[in-house]
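Hi,

Here's the structure I promised to pass on. My notes on its aromatic rings follow below.

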Amino acid sequence: AEIYQKRGEMIKMAASYLAASKVDRSLIPKVSASLQDLLLKNPDNTELQLLQLDLLYQQRLLENAFKLANSILVKWPGAEGAKAYLRVGQIYLEKGELTKAAGGLLKAAELDQSLAAESAGSLQKLLSIDSTSLAGRYALGKVLFYQKQYNASVEELMAVCHREPKWAEKVSMDLKAIEKADPVNRNVLLAQAQVAFLLKRNDEAVAALSQLMEVSPESFDQALDVYQRILARDPEQPQVMISLAKALIIHGQPDDGVALVRKSIAKDPELTEPAITLLRMALDVNPEDLESGYLLAHLYCQRGGFEQGLDILRAVMEHRPDQANRLAQELESILKLKPDLPQARYLMTEILMATGKYVPAVANLEAILKQQPMERQKVLNLLERMLSSKPDQIDALILRSRILVEVGQIEPAIEGFVRSAEASAEIRPQILAELEKLLPSHQNL
């Protein structure tokens with residue numbers, strides 16, 4: 001203080017005397033005189049006014065301090081007067097007016113975050129007097145945010161929200177501010193989901209839970225609790241279902257997740273794209289998950305990606321020949337979507353051949369030829385393979401002979417017709433008709 005006095009820095013001198021007087025109260029008269037002298041010369045100086053306020057508060061002259069604080073706030077209601085809000089809050093606390101005290105202490109920290117620590121200390125004192133004070137607990141939550149104590153802030157804000165849901169709207173805005181400051185804080189994300197649930201904002205709750213599972217998969221149990229409460233209130237919510245499906249897949253429960261994916265897209269086909277993403281995730285978790293593969297193949301085909309879908313089914317056929325019957329069912333559903341898809345019919349033929357179902361296999365090949373006559377050679381190759389396994393398969397022999405006739409290979413075609421007639425007396429009239437068609441143009445045979 002003396003050093004500052006020699007330099008002519010009178011306000012700093014007064015502040016230093018005031019700091020000294022907190023330890024040695026015998027200095028108070030000297031400080032008071034110094035401040036009075038300075039205030040006479042500089043009556044509109046904010047710093048001097050606040051120093052005078054601190055001195056009055058330090059002397060426990062609370063009424064005088066209260067009047068001065070309010071006069072300061074009339075002149076300087078913004079950041080310059082933040083210290084006055086702090087003192088007003090502390091004086092209200094001394095008077096036992098806790099709600100008003102909370103408001104003043106919070107306002108001080110909002111205007112000047114350097115005051116947050118002192119505000120927090122006073123608010124904790126307030127809560128030691130009345131732990132049920134919602135205003136006090138809310139103010140403490142906000143002040144802790146200004147101190148960047150985000151987890152403690154969330155805890156206090158949620159305590160308010162759980163005790164009085166009417167505060168949910170205000171708390172929701174505060175949680176968004178905390179998330180902006182700390183985007184990957186699991187406690188903030190979980191709290192946002194819980195508050196959004198209270199406000200019946202399912203989309204916001206789902207968005208927070210989805211982000212929570214990405215940044216903190218170990219929070220699955222807490223997330224599941226919120227999901228279940230949402231679905232208990234609104235059971236028919238496909239967006240919620242598909243978000244829960246994602247959580248289940250991340251948590252390592254792909255079977256349950258895929259079941260929910262199937263249920264959600266049945267209710268809302270527009271969820272196909274996110275469903276495809278989740279099914280890929282499920283297959284990453286468990287490449288042997290057949291249900292995920294089947295559903296993914298179906299969705300690819302549903303949006304026109306037939307080759308992608310068929311690739312999945314081919315892979316299943318290659319690694320799991322025991323799935324032939326299920327694969328045939330999946331291919332039938334694909335052919336209902338696009339009957340003129342030769343790739344699907346070829347795969348169906350392969351499956352039917354592998355299971356010894358030659359008659360429907362030949363029927364598939366006939367369907368291909370009707371739709372795509374240029375596929376003759378590929379169909380012919382498959383018929384040759386079929387006949388190498390089952391030489392007396394009549395339907396295959398007849399279709400092969402017909403194709404050979406179309407490409408001008410008459411002699412092997414006739415040989416096939418004759419083999420068919422030798423194998424079955426019932427079809428001889430049909431074979432005779434085929435041969436009679438050939439006679440006019442092939443008299444020499």
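For a charge to sit over a ring here, NZ of Lys or CZ of Arg has to be within 6 Å of the ring centre and within 35 degrees of the ring normal. K170 does this too, lying over the face of Y138 at 5.3 Å from the ring centre.

Before you dig in: this is a predicted model, with local features needing pLDDT of at least 70, side-chain atom pairs counting only at pLDDT 80 or more, and totals for chains, interfaces and linings using all residues. Numbering runs from 1 along each chain as its sequence is written, and side-chain values use heavy atoms, with hydrogens and water left out.

Now the ring pairs. Rings of Phe, Tyr and Trp (its six-membered ring) pair if their centres lie within 6.5 Å; planes under 30 degrees apart are stacked, over 60 edge-to-face, the rest tilted. That gives 4 aromatic pairs. One of them is Y138 with W167, tilted, at 5.2 Å between centres and 55° between planes. These two are 29 residues apart and link distant parts of the chain.

On accessibility (buried is under 20% relative accessible area, exposed over 50%, partly exposed in between; 1.4 Å probe, protein chains only), Y138 is buried at 7%, while W167 is partly exposed at 22%.

F145 and Y150 also pair: centres 5.9 Å apart and planes at 45°, so tilted. F145 is partly exposed at 21%, and Y150 is buried at 15%. Ring pairs also bring in Y146, making a cluster of F145, Y146 and Y150.

Cheers

Methods
Helices (H or I, at least four residues) and strands (E, at least two) are DSSP runs, numbered from the N terminus.
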